[in-house]
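Have the model open in your viewer, with the sequence panel beside it. The tour below goes stop by stop, with something to select at each one.

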Amino acid sequence: MENSEGVKIESTVVSEEPLISALDIGLFIVIITVAYFWYFKRDKKSSSSEKKPYTIQPSSLSSIEQTSNSSFIKKLKSTGRSLVVFYGSQTGTAEEFAGRIAKEGARYKMKGMVADPEECDMADLVEMKEIQKSLAIFCIATYGEGDPTDNAMDFYEWLQNGDADLEGLNYAVFGLGNKTYEHYNEIAIYIDQRLEELGATRVHEIGLGDDDANIEDDFVSWKEKLWESVCAHYGIEETGEESNIRQYKLVDCSGVLPERIFSGEISRLKSYENQRFPFDVKNPYLSKILVNRELHKSGDRSCMHIEFDIDGSKMRYDTGDHVAVYPKNSSELVDKIGKLLNADLDTVFSLLNTDEESSKKHPFPCPCTYRTALTYYLDITSNPRTHIMKELIEYASDPKDQEKLKLMASSTPEGKKEFHEWILRDNRNIVHILEDLPSVKPDLDHLCELLPRLQCRYYSISSSPKVYPKSIHITAVLVDYVTPTNRINKGVATNLLAQLKPTIDELPQPTIPIYIRRSQFRLPPKSQTPIIMIGPGTGLAPFRGFIQERDYARKEGREIGEMVLYFGCRKKDEDFIYENELQEYVANGTLTKLHLAFSRDQPEKQYVTHLLEQNADELWNIIGGKNGHLYVCGDARSMAKDVHSIIVKVVMEKGQMTNSQALNYVKKMEQQKRYSADVWS
């Protein structure tokens, strides 16, 4: 209104001054044009500062039209779709599953779309009933200590705090979790139950995927039964047509200027050359490696102490936080793919989403070279899932290779067995598959579409910001092992870190992209509170930071509580990491007790769990008598479970409780953050 009114006023003035010169008229037109565009750009900038889902750059002056296009409901209606698949994903697996479901919808006469709940107004779910035979599916991962993923947080809170009427909404939920963790699939279970409470109709029972076993098998089995339920619910029949339609189309970018080509940046072009705060998952900080030294004294294994420089980055961390490290694949593996597929890895290309309504235009930063995509953006070392086997069938020229791929892509017992043995047990990645099935020659752009994104690796920070405010320390074991097919598999991140050693000369020091991820693994607010720390191997990492922080408080003259550490490793003379530091903390009184278990230094193996059982009185005195805190860090599959069982047993015996009472006592400790775990499987 303001712009059009300005033009109208100026036009009136011109018409009332017929004697004005042609030059003046020209000047007026220039002024009007400048004023018009100035107001338009100001309005555009103002509106873009607000966070709107599925924001589309306006191609006309109609802001009303732009707003309507930002709704997932409007997109469903305008494109004739009835299926929307939302994903809550931290590592990309849930997003991948969502894409596969949406793609399969075409077989059941349900045109689908994938949606990120973070980019949608989820209150629009109440309008799903307006779309005939509509269905909303949620692929939701549980993350951390029973938390929603970052992109599902707003949706989770909306469900918790809202009371929307979702009658008429048809839905199904698949959860992604890990049974080694206490809060197994907690978020998916909550969403499934909450949607029903709000009046929605469950079309198919919730699926619970276990990443500790075979989450791919869990997903495929659930998905097959899902479509049976969908057909029964809506009275539709499967078309029987397999859908191998490409999600992205190849775009030749050979003419793109070099400065417009991505070279490994996560999101913003040239972000590593022009660093901008704040630094996060989409904008990591390029940190220098200050220290990279070996912690093991001998033996054939390696454990590294690495220090990242954050001086001048404005990044801040707390003791117990994690640091995310962005790795890159080895050039050896990348070159192998190029040779196996007879491809020029330096070709510049882009993959563009064939769905123009999708908010995700590219699977990774484009345009880039194939070498860049395979090095920085794609996971080429993990075990491929069955849908990749299925997509590779058409590229196999040998009938035997075709049959093997068909078998592994099937959901038959024989197919599942073959996939488990040939892919999972033998630990084959995409390079191994291309080597062992030589007739399989997929188009490289299609392979880039199929492979999942390379994910950052998280490490517990092993330093305290009170002592090291300008650097972040980590403790990392080098991953390097022989597979059943006699191949050597190497950890992507740790093998890269092993090569990044600082030099004493003035050459550019090695760098790596990082960012800080907040954690709930925290010291008690009061420094006087006694704590027990249980961390064998690299589980010691966060406790090194805890001890540093308490030592800092002690040197400041503050009172600190008891600190008891349980640490274990194989051999004292080989892998007792940070030995001198720990002994010094014992000597100066910061570390009250240091319980050590060296599993292979005597005929009968001894672990930290044995020491815990032996010290039941000390444990109960701290957690029962002194209201202390207990921390566990390390392997979730066995160690953390064993520790939990021992703690429950100690509470039963020393606290004179029944098993049920002891379990409730430990549960209450967890709720009060007096029992915390930072574990991995």
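Two strands count as paired if DSSP finds at least two bridges between them. Helices (H or I, at least four residues) and strands (E, at least two) are DSSP runs, numbered from the N terminus.

A word on the ground rules before you start clicking. This is a predicted model, in which local features need pLDDT of at least 70 and side-chain atom pairs count only at pLDDT 80 or more, while totals for chains, interfaces and linings use all residues. Residues are numbered from 1 along each chain as its sequence is written, and side-chain values use heavy atoms, with hydrogens and water left out.

**Stop 1: colour by confidence**

Colour the chain by pLDDT, the predictor's confidence in each residue, from 0 to 100. The chain average is 89, and 89% of the residues score at least 70. Now select residues 1-20: pLDDT is below 50 there, and the stretch has eleven contacts in the model beyond near neighbours in sequence. Contact here means heavy atoms within 4.5 Å. Residues 36-69 also stay under 50, and the model gives them 34 contacts beyond four places in sequence.

**Stop 2: the parallel sheet**

Strands of a sheet pair through backbone hydrogen bonds, either parallel or antiparallel. Select β19, β20, β21, β22 and β23: they form an open sheet with parallel pairing, in the order β21-β20-β19-β22-β23. At its edges are β21 (593-598) and β23 (675-680), each of which pairs on one side only. On average, neighbouring strands here are turned by 10 degrees against each other, direction ignored. Angles like this one run from 0 to 180 degrees between N-to-C directions, and axes are lines fitted to C-alpha atoms, for helices over the stretch in contact.

Zoom in on β19 (residues 531-534) and β20 (residues 563-569), which run parallel and are joined by four bridges. Which residue of β20 is the bridge partner of M533? Pick L565 and you have found the partner.

Next, show helix α17 (residues 541-555). This helix lies across β19, β20, β22 (629-635) and β23, and runs at about 150 degrees to β19.

**Stop 3: the antiparallel sheet**

Move to another open sheet, this one of six strands with antiparallel pairing, in the order β14-β11-β18-β9-β10-β15. β14 (457-460) and β15 (471-477) stand at the edges with a single partner strand each, so one side of each has no neighbour in the sheet. Neighbouring strands in this sheet are turned by 40 degrees against each other on average, direction ignored.

Within it, select β9 (residues 285-294) and β10 (residues 303-309), an antiparallel pair with five bridges. V291 has E307 of β10 as its bridge partner.

**Stop 4**

For the angles below, under 35 degrees counts as roughly parallel, over 145 as roughly antiparallel, 65 to 115 as roughly perpendicular and the rest as oblique. For the residue classes, Ala, Val, Leu, Ile, Met, Phe, Trp, Tyr, Cys and Pro are nonpolar, Asp, Glu, Lys and Arg are charged, and the others, Gly among them, are polar.

- Select α6 (residues 153-161) and α7 (residues 186-197): their axes come within 11 Å and cross at roughly 45 degrees. The two are therefore oblique to each other. F155, Y156, L159 and Q160 of α6 make the contact with I187, Y190, I191, R194 and L195 of α7. By class, these residues are seven nonpolar, one polar and one charged.
- Select α12 (residues 399-409) and α13 (residues 413-425), which pack at about 105 degrees with axes 6 Å apart. α12 and α13 are therefore roughly perpendicular. Show K404, L407 and M408 of α12, which meet E414, G415, E418, F419, W422 and I423 of α13. This contact has five nonpolar, one polar and three charged residues.
- Select α21 (residues 616-625) and α22 (residues 639-654), packed at about 85 degrees with axes 10 Å apart. That makes α21 roughly perpendicular to α22. On the α21 side are A616, D617, L619, W620 and I623, meeting I647, V650, V651 and K654 of α22.

**Stop 5: backbone details in the loops**

Most residues other than glycine have a negative phi, and most peptide bonds are trans. Another runs from C366 to P367, with omega near 0 degrees, and P367 sits in the loop between β12 (348-353) and β13 (368-369).

Finish at K109, a residue that is not a glycine but has a positive phi of about 60 degrees. You will find K109 in the loop between α5 (93-104) and β2 (112-115).
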